[in-house]
Structure formats: structure tokens, C-alpha cells
Amino acid sequence: MPTQIIRVRFRHALGAELTKAFSLRSIRTVLAAALVVPAMLALASGLSFDPTHHEQFALESHGFETAGFGQPLVILLASLISGAEYLDGQLRTTVLATPRRGRVVAAKLLLIGVLCALAGFLGIGASVLVEQASLGEHGLRPEEFTPAMGWNLLGVCANYALLGVLAGGITILARTYVVTLIVLVPLVLGITISFVGAIPALRFLPDLAGIQLLMPYPGLGLLAPVVGGLVMALWSALSACAAWACFRTRDVGGS
């Protein structure tokens, strides 16, 4: 019986976080952009494809190259979900309604992880379909899609979910999404990958650790997808645990 009560209460907290998230136009807009923008970029890439030039990557990877452009939107989505309440004082009401603060953080981060994974599945899945179709005779038909492409899509979902949890945790720690955007967005836009050849240790940073979950990047000395995913998961777990521990004891009166 006690276990059942706890489960119901957590479900209520999760439902409350879902309701709050979708009541904000900014969050709905960013989520829509995360679904649409990669597909638009994939369409442009497919229409500009020149078969006479040497291919930059394998045919199976076409459409997945847009996943990197979706990462800043994932960071923004996670930051808004976890940080919007710090702007309008709504956090006091949340804490009063759910005194078990750890449950609030867990619900927020679970919601972030699920929504970010869903954005990866739908957004990049659509990108692959659109780009392969726009390649015409040079593209793959859906019945020709390989199991490797399915695993690649699952890798994108994992990357987006872990990146979202990382961003959500940092936002809770900083009490503002501005810090999260300043720290994470430049990383996923390619700052660290430019120096990984000279500083191999950079491959253990969260943005580079899980980058091959998005698509293969051969010749750069990056971590293998599974190993990199585990390293990225460790970063996300540390961020989540730190946010959980800090939020449980921190005064929210000045939020």
C-alpha cells in the first residue's frame, strides 16, 4: 500500500509538470521547432545533393546530419521546462503543492528526458524520410532502410534525452536557463570538436562523448558510440543528482 501511494503521488507530480510545460507558449514553440527545423534542413540538403561529387558520408547517414542542429533546440526546451518557474515565482506554489521536493525534480527531469527523446524520434525520423525521398533515385526507399539506421535513430533519442537531462540539471543548479544556454549551446555548435585533435581529453566532455550517437564521425579519435553514450550518461546523472540534492535543501524564497 505505501508503495502504491508514492507511485500515485509521483504520477500527480509528473502530470502537473506536463500541464505546466504545455501551458507555456514558448515551450510549445520550441518543441514544434525541434520537430520541424531538422526536417526542413534535411529537405534543403536532399534537394542540393550532387551525385557527381564525392559523398561526405554514407547513404544510410543522410538525414541524420540534421541531428546536430536539433541539439540547441533540445537544450533550450529542457532549460525552459526546468527554469521557467524561476522567472515568475511559480516555484513557491509548486513547492507548497508538492512538499517532497525531490519528487518535483525527478518529475521535471523525467518529463524532459521523455520529451527530448520524442523530439529526436519524430524530428530526426522525419528528417531521414524527407531527405531520402528528396534524393530521388539516389535515396533509399523506406523498405530499404537498414537495421543500422534504426539503431542510429535510437542513438539520437538517447543523445537528446541525456542532453536534455544535463541541461535541466544545470538550469536547476543555476536557477536560470541563461547559464545553461551560455555553457552548452556553444559546445554542441562545434567549439570543442575543433580542438579535439590537439586535446584528446576533450572527447570525454558530454557534447563530444555522445556525438557518435547522432551519426558516425570517423577519423576524429572520438569515443565509440556505446562507450561515449555511457560517458554522456554519467555526466547527465551527475547533473541530475546535484540538482536533486541542491533543490531539496535550498531556499526558494528568492526565486
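This is a predicted model: local features need pLDDT of at least 70, side-chain atom pairs count only at pLDDT 80 or more; totals for chains, interfaces and linings use all residues.

User: Where does Leu77 lie, and is Leu77 buried or exposed?

Analyst: Helices here are DSSP runs of H or I with at least four residues, numbered from the N terminus, and Leu77 belongs to helix H3, which covers residues 67–83. Burial is read from relative accessible area, where under 20% is buried, over 50% is exposed and anything in between is partly exposed (1.4 Å probe, protein chains only). Leu77 counts as buried because its relative accessible area is 1%. Contact means heavy atoms within 4.5 Å, and, leaving aside residues up to four places away in sequence, Leu77 touches Ile27, Val30, Leu31 and Cys116.

User: How do H3 and H6 cross, and at what angle?

Analyst: The axes are lines fitted to C-alpha atoms, for helices over the stretch in contact, and the angle between N-to-C directions runs from 0 to 180 degrees. For H3 and helix H6 (residues 101–134), the axes come within 10 Å and cross at roughly 155°. Angles under 35 degrees count as roughly parallel, over 145 as roughly antiparallel, 65 to 115 as roughly perpendicular and the rest as oblique, so H3 is roughly antiparallel to H6. As for handedness, a crossing is left-handed if the near helix is turned anticlockwise from the far one by less than a right angle, and right-handed if clockwise; the crossing of H3 and H6 is right-handed. On the H3 side the contact is made by Ala67, Val74, Leu77, Ala78, Ile81 and Ser82, and on the H6 side by Lys108, Leu111, Ile112, Leu115, Cys116 and Ile124. Sorted by class (Ala, Val, Leu, Ile, Met, Phe, Trp, Tyr, Cys and Pro are nonpolar, Asp, Glu, Lys and Arg are charged, and the others, Gly among them, are polar), this contact has 10 nonpolar, 1 polar and 1 charged residues.

User: What classes of residue make up the contact of H3 with H7, and how do these two helices cross?

Analyst: The geometry comes first: the axes of H3 and H7 come within 8 Å and cross at roughly 40°, which means that H3 is oblique to H7. H3 passes H7 in a right-handed crossing. Among the residues that meet are Gly70, Gln71 and Ser79 in H3 and Asn159, Tyr160 and Gly164 in H7. By class, this contact holds 9 nonpolar, 9 polar and no charged residues.

User: At what angle do H6 and H10 pack?

Analyst: H6 and helix H10 (residues 225–249) pack at about 145°, with their axes 8 Å apart, and their crossing is right-handed. The contact involves residues including Arg101 and Leu109 of H6 and Trp244, Phe247 and Arg248 of H10, and its residues divide into 7 nonpolar, 2 polar and 2 charged.

User: How many salt bridges are there, and which residue pairs with Lys108?

Analyst: Side chains of opposite charge can pair when their charged atoms come close. The rule applied here asks for a side-chain nitrogen of Lys or Arg within 4 Å of a carboxyl oxygen of Asp or Glu, and by this rule the count comes to 6 salt bridges. Lys108 pairs with Glu17, with the closest N and O atoms 2.9 Å apart. This pair links distant parts of the chain, since Lys108 sits in helix H6 and Glu17 in helix H1 (residues 2–22), 91 residues apart. Both Lys108 and Glu17 are buried, and a network of salt bridges links Glu17, Lys20, Glu85 and Lys108.

User: Which salt bridges does Arg141 form?

Analyst: Arg141 forms a salt bridge with Glu143, the closest N and O atoms being 2.9 Å apart, and another with Glu144, at 3.2 Å from N to O. Arg141 is partly exposed at 47% relative accessible area, Glu144 is partly exposed at 32%, and Glu143 counts as exposed at 59%.

Methods. Residues are numbered from 1 along each chain as its sequence is written. Side-chain values use heavy atoms; hydrogens and water are left out.
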